[in-house]
Amino acid sequence: MSDEQQQVNKIVGFLSRNLRLILLLLLCGLGAGLGAYLKSPKVYQASALIMYQQQQINPTRMSPDVQTRLLEMVNTVGQQVTSLSNLEEIIVSHGLYPELRQRLPMVDVVAAMRRQISIEPQRGADVFRVAYTGDDPRQVMLAANALAAKFIEENIRFREERVSETVAYIRDELAMAKSSLDKQEEGMRDYKLRYYNEMPEQRAANIARLNALQAQYQNIQNNLQDLKRTQILIQEQISLRQDILLRLAEGQAGVVAGPAPPSELARVRQELEVLRGRYTDSHPDVRRLQARLETLLGAQREEAGLEEPVAGDVSGADAPGARFQDNQLAQLALQLKEIDISMARLNREQETVRQQIEQVQRWVETTPVREAEWAALTRDYSQLQHHYQALVARSLEAESAEMLERRQKGSQFRIIESAYQPGKPFSPNFRKFMILAAAAGLGLGLGVAYLREFTDTSFKDVRDLEAYLGLAVTSAVPLLPTTREKRWLRLRGIIWAIFLGCGFVALGVGMLLLWQRGLIIL
């Protein structure tokens, strides 16, 4: 006989010798398991499926959909749903935990309820399950639906608060940026108004103005020189005319107001022709000779235009040149007076232009200084302006997102499957409970049987005896019970079979009755 067969025979013999004990302990284990199941409280679970419906309108950067992922949104809203105030409201409105509320403070009752709530995201979709467990099926269903409704309510409130906080923050930032920008622009405006003519962009205009002023100054200077020359010529003519009148007054008729010597008149004409060949008529020398020529010709033409003094006028008879009146001398005096007035006016204009030239020169000279100061003043202006424009764009986006949330056009939680009243308890599970009880009974039976075999010192096999004695067994005499012993063994077997059969039948019938009464839920 092989070793495998011997091992099988040992196992079969072990089971046959201890079958009654194993079945008895199995029956006890099943009974104990049934009793424990009946004693354990029934826990029911109801769950609702909620889907996170994404925003239909394109969200902006300020929308919570862009800033928060689904799992983060579920965790955030879940924390708000399971807060003390929300759970206390659900407990009071649905009458949950009446016994605990009498013995414990509300904080501990809320903590107990929080342990019975589970939020589990589902795979492959924006769906998650909100479940609640309790001992009353109806209350479990109502509490699960209340939690699902709280998810929708808290999500709307959370999104509105999130967007409102974002809008308020951006508005504060925008106000600060606008204040800084206004302050910067005010400083720039005051600086530009104060040093407008010295700004770099006015440099070209100032240089052009300076050139124009210098040209104007030079023109005034030329006009003054011309007037001075004319003044000298007129003064010479007046002196000449006064000499003529003086000679007339002294009786020198051959000399007074006589025509100019032909030689002098010819010389003036000759010089005038030479100068006209070289210069224009506006040249000072040409104009001086023309005036001299006209004076000589006028003296020659107006020799007979002299008048005697008015009769009875003896007040100035003794003054030189006062006995005769000359129209040409009066005209020359008037021209001289006009020249004096023009020269005074030109001098004033020249002084004004000179002051303007000095002013513009100072503006041009200080332009590099103002350019450096302006660069330091406007160094951060472009960044402030860019930051302000970015905040304006973000503010518009945030206000748009806030309007969408107020109209409930943003992403929302939607209940796709409401919680229903559970028909069987979530815990304990009868099948699992009885399987564990049967496994415990069988394990205990096998353990006790093995302990019994281990403590039994009798030999059950010839090989065990040969191994113990170290001698070969030549023959073996089987056990030969008597008739009475056989009857007793048969009777005992029948009693055990009836007992065990009745026990298993009773256990099965009891389970069936309990199932019909609803105490056992499969």
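Buried here means under 20% relative accessible area, exposed means over 50%, and partly exposed covers what falls in between, with a 1.4 Å probe and protein chains only. The structure is a predicted model, so local features need pLDDT of at least 70 and side-chain atom pairs count only at pLDDT 80 or more, while totals for chains, interfaces and linings use all residues. Residues are numbered from 1 along each chain as its sequence is written, and side-chain values use heavy atoms, with hydrogens and water left out.

Salt bridges come up first. The rule asks for a side-chain nitrogen of Lys or Arg within 4 Å of a carboxyl oxygen of Asp or Glu, and the count by this rule comes to 10. One of them pairs R370 with E198, at 2.5 Å from N to O. R370 sits in helix α11 (residues 327-377) and E198 in the loop between α7 and α8 (203-249), so this contact ties together parts that are 172 residues apart in sequence. Helices, for the record, are DSSP runs of H or I with at least four residues, and strands are runs of E with at least two, numbered from the N terminus. As for burial, R370 counts as buried at 13% relative accessibility, and E198 is buried too, with a relative accessible area of 13%.

Then there is K150, which takes part in a salt-bridge network with E89 and E153. Its bridge to E89 has the closest N and O atoms 3.0 Å apart. That pair links distant parts of the chain, with K150 in helix α7 (residues 137-194) and E89 in helix α4 (residues 84-94), 61 residues apart. The bridge from K150 to E153 has its closest N and O atoms at 3.8 Å. K150 and E153 are 3 residues apart in helix α7, which means that about one helical turn separates them. K150 itself is buried at 6% relative accessible area, whereas E89 is partly exposed at 46% and E153 is partly exposed at 45%.

Over on the surface, W488, L489, L491 and I495 make up a nonpolar patch, with about 400 Å² of accessible area together. Patch members need over 30% relative accessible area and no salt bridge; nonpolar side chains (Val, Leu, Ile, Met, Phe, Trp, Tyr) are joined within 5 Å, and like charges within 9 Å. The areas come from the Shrake-Rupley method with a 1.4 Å probe, and for residues only the protein chains shown count as cover.
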